[in-house]
Amino acid sequence: MNQWSFVLAAYGVVIIATLILLLASWRAMLGAEAAAAGTRR
Amino acid sequence: MHAFANPARFLKIARPATAWLLGIGLALAAAGIAGALFVIPPDYLQGETVRILPVHVSTAWLGMAGWGAIAAASISQIVWRHPLAAIAGRAVAVPGATFAGLCLATGSIWGRPTWGTWWEWDGRLTSMLILFFLYLGYIGLAAAERERGGEGRMAALFGLVGAVNLPIIHYSVLWWRTLHQGQSISIAGGSTIAPELLWPLPLTMIGFTALFAAIALMRMRTELARMKLEARLRRSAAE
């Protein structure tokens with residue numbers, strides 16, 4: 001049993017999930033703020 | 001707290017804070033991960049798998065701290081009716097659930113080579129799984145209340161009651177004989193883990209905490225912008 005495969009799996013899942021959450025939140029924020037600014041009169 | 005009740009004042013602070021937290025979080029998390037993967041030596045007993053410790057403890061901390069933030073937001077909403085409290089609670093719930101899930105995943109990955117099993121129904125693992133399900137319940141309840149135009153008081157009550165699980169998670173390794181190890185890290189000193197294995201932990205903890213805060217701020221800004229847009233559209237429709 002190669003211990004490094006477990007280490008890399010643990011870090012891989014955390015890094016990928018954190019980046020997905022960051023990017024999704026960033027895109028949603030930019031979209032919502034642009035939409036709100038676009039309706040300004 | 002009430003100084004931030006005005007969304008415009010909150011946004012004035014949240015905009016630069018988001019960028020700062022992102023930068024600091026990415027730098028510290030990257031340094032901690034690099035230290036854990038490439039610098040610290042293998043443990044004499046656990047071998048290379050000890051490198052999982054910084055990321056597992058960080059995700060566990062954020063899974064629990066996230067619910068602590070929901071409980072604080074719930075008190076603020078129920079007692080002081082703070083206008084941003086429900087938004088803050090909802091903003092923290094998804095990253096909190098994600099990190100609670102990541103804690104379970106990294107623990108399971110660490111458990112297989114260390115304990116010989118992916119899962120065990122012991123006190124720590126089971127109470128953490130309950131926390132994950134509490135997050136899912138809170139997310140569903142808060143979304144349903146928001147859709148119906150409610151103030152989110154039911155979700156706030158749920159957030160407060162769910163906080164009972166936090167001390168159960170913390171003390172589970174003392175109250176029950178579990179497969180999970182007891183407390184081995186202490187801020188006040190007396191950690192039973194060698195310092196040369198432990199130094200990446202504060203870097204990953206502070207780094208991921210900053211990233212968590214940045215994500216929460218981004219989600220709050222998203223909801224505030226959507227509310228602003230909805231209010232404008234309602235006003236235009238009424239005219």
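This is a predicted model: local features need pLDDT of at least 70, side-chain atom pairs count only at pLDDT 80 or more; totals for chains, interfaces and linings use all residues.
**View 1. Overall fold of chain B.**
Chain B has eight helices and zero strands. Read from the N terminus, its elements run α-α-α-α-α-α-α-α. The C-alpha trace spans about 75 × 35 × 30 Å along its principal axes. Chain B contains 239 residues, and 41% of them count as buried.

B:Thr59 sits in helix α2 of chain B, which covers residues 53-80. Is this residue buried or exposed? B:Thr59 has 29 other C-beta atoms within 10 Å, so it is buried; the cut-off for that class is 20 or more. B:Ala100 is 41 residues away from B:Thr59 along the chain, yet their C-alpha atoms are separated by 6.5 Å.

**View 2. Packing of helices α4 and α6 in chain B.**
Two packed helices are described by the angle between their axes and the distance between the axes. Helix α4 of chain B (residues 123-147) packs against helix α6 of chain B (residues 165-175) at an angle of about 170°. Their axes are 8 Å apart. Angles over 145 degrees count as roughly antiparallel, and α4(B) and α6(B) are therefore roughly antiparallel to each other. On the α4(B) side, the contact is made by B:Gly123, B:Arg124, B:Ser127, B:Met128, B:Ile130, B:Leu131 and B:Leu134. On the α6(B) side, B:Asn165, B:Ile168, B:Ile169, B:Ser172, B:Val173 and B:Trp175 take part. Which classes of residue make up the contact of α4(B) with α6(B)? Eight are nonpolar, four are polar and one is charged.

Helix α2 of chain B covers residues 53-80. B:Arg81 lies in the loop between α2 and α3 (85-115) of chain B. B:Arg81 is not a glycine, but its phi is positive, at about 50°. Is B:Arg81 buried or exposed? It has 12 C-beta neighbours inside 10 Å and therefore counts as exposed; the cut-off for that class is 12 or fewer.

Conventions: Residues are numbered from 1 along each chain as its sequence is written. Chains are lettered from A and ligands numbered from 1 in the order in which they are written. Helices (H or I, at least four residues) and strands (E, at least two) are DSSP runs, numbered from the N terminus. Axes are lines fitted to C-alpha atoms, for helices over the stretch in contact, and angles run from 0 to 180 degrees between N-to-C directions. Angles under 35 degrees count as roughly parallel, over 145 as roughly antiparallel, 65 to 115 as roughly perpendicular and the rest as oblique. Two residues are in contact if their C-beta atoms, placed from the backbone, lie within 7 Å. Ala, Val, Leu, Ile, Met, Phe, Trp, Tyr, Cys and Pro count as nonpolar, Asp, Glu, Lys and Arg as charged, and the others, Gly among them, as polar.
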